[in-house]
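Subject: Structure handover and findings

Hello,

My notes come after it.

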Amino acid sequence: MKFSSKLSDGVHILAYVDLFQDGDLSSNAIANSIESNPSLVRRMMSRLKNAGLLTSQPGKVAPKLGRPATEISLLDVYQAIEDNQKLLHIDEKTNPKCLVGGNIQETLTGIYDKIQSDAEKSMSQVSLQQIIDGILENDKKRKQNLNNE
């Protein structure tokens with residue numbers, strides 16, 4: 001099964017922009033952090049900008065968050081970045097003459113819709129600031145572990 005890391009990369013970009021406000025915010029620097037390519041980063045940054053999550057000025061390499069990190073939810077990033085926003089997908093090519101094949105789609109639709117709604121509600125309750133705080137806390141722990149070795 002193919003999966004997307006776009007949400008993770010979108011959050012990565014926003015956290016990087018916030019944490020390195022006075023540093024190198026070029027697409028090359030951010031791509032190096034993600035271990036991706038600069039053109040992909042630029043495309044993602046464009047989507048984040050279109051959603052109001054990033055701001056930038058022409059001719060300057062100084063992107064900024066479009067609003068405070070406490071006001072950007074994981075759902076905001078998800079909606080800005082992901083092309084297909086359905087978490088779960090139903091196989092539409094089942095045998096309608098079969099008991100299971102003829103009824104599985106309708107049965108799963110309601111279940112999947114509830115899961116989607118629950119996931120979006122959860123994502124709306126996680127702020128970018130919480131993620132940034134987690135990054136900083138994990139970095140602190142990692143450094144302490146290295147010093148203890």
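What follows is a walk through the helices, the contacts and the charged pairs.

This is a predicted model, so local features need pLDDT of at least 70, side-chain atom pairs count only at pLDDT 80 or more, and totals for chains, interfaces and linings use all residues. Residues are numbered from 1 along each chain as its sequence is written, and side-chain values use heavy atoms, with hydrogens and water left out.

**Helix 1 and its surroundings**

Helices here are DSSP runs (H or I, at least four residues), numbered from the N terminus. Helix 1 covers residues 6-19. Its 14 residues reach 20 Å from first C-alpha to last. That is close to the expected 20 Å, where the expected span is 1.5 Å times one less than the number of residues.

Burial follows relative accessible area: buried is under 20%, exposed is over 50%, and partly exposed is in between (1.4 Å probe, protein chains only). Ten of the 14 residues in helix 1 are buried, so the helix is largely enclosed by the rest of the structure. Among them are Leu7, Val11, Leu14 and Val17. Asp9 and Asp18 are also on the buried list.

Methionine 44 sits in helix 3, residues 38-50. It is buried because its relative accessibility is 6%. Contact means heavy atoms within 4.5 Å. Leaving out residues up to four places away in sequence, methionine 44 touches Lys6, Asp9, Gly10, Ile13 and Ile81. Of these, Asp9, Gly10 and Ile13 are buried residues of helix 1. Methionine 44 and glutamate 82 are 38 residues apart in sequence. Their C-alpha atoms are 9.8 Å apart in space.

**Aromatic pair and nonpolar patch**

Rings of Phe, Tyr and Trp (its six-membered ring) pair if their centres lie within 6.5 Å; planes under 30 degrees apart count as stacked, over 60 as edge-to-face and the rest as tilted. The count by this rule is one aromatic pair. Tyrosine 16 and phenylalanine 20 form it, at 4.6 Å centre to centre. The planes are 40° apart, so the pair is tilted. Tyrosine 16 is buried, at 14% relative accessible area. Phenylalanine 20 is partly exposed, at 43%.

Phenylalanine 20 also belongs to a nonpolar surface patch, with Leu19, Ile135 and Leu136. The patch is about 340 Å². Patch residues have over 30% relative accessible area and no salt bridge; nonpolar side chains (Val, Leu, Ile, Met, Phe, Trp, Tyr) are joined within 5 Å, like charges within 9 Å. Areas come from the Shrake-Rupley method with a 1.4 Å probe; for residues, only the protein chains shown count as cover. Leucine 136 is in helix 6, residues 128-148. It is partly exposed, at 46% relative accessibility.

**Salt bridges**

How many salt bridges does a search of the whole structure find? It finds five. The rule is a side-chain nitrogen of Lys or Arg within 4 Å of a carboxyl oxygen of Asp or Glu.

Lysine 86 and aspartate 113 make one of them, at 3.7 Å, N to O. This pair links distant parts of the chain, 27 residues apart. Lysine 86 is in the loop between helix 4 (74-81) and helix 5, while aspartate 113 is in helix 5. Both are partly exposed: lysine 86 at 43%, aspartate 113 at 40%.

Aspartate 118 and lysine 114 meet at 2.8 Å, N to O. Both lie in helix 5, four residues apart, about one turn of the helix. Aspartate 118 is partly exposed, at 36%.

Aspartate 139 and lysine 143 meet at 3.1 Å, N to O. Both lie in helix 6, four residues apart. Salt bridges that share partners join Asp139, Arg142 and Lys143 into one network. Aspartate 139 is partly exposed at 27%, and lysine 143 at 45%.

Glutamate 106 lies in helix 5, residues 104-124. It is exposed, at 70% relative accessible area. Glutamate 106 and aspartate 76 are 30 residues apart in sequence and 29 Å apart in space, C-alpha to C-alpha.

Glutamine 116 is also in helix 5. It is buried, at 8% relative accessibility. Its contacts, not counting residues up to four places away in sequence, are Tyr78, Gln85, Lys86, Leu87 and Leu88. Lys86 also holds the salt bridge to aspartate 113.

Best wishes

Note on methods
Helix = DSSP H or I, 4+ residues; strand = E, 2+ residues; numbered from the N terminus.
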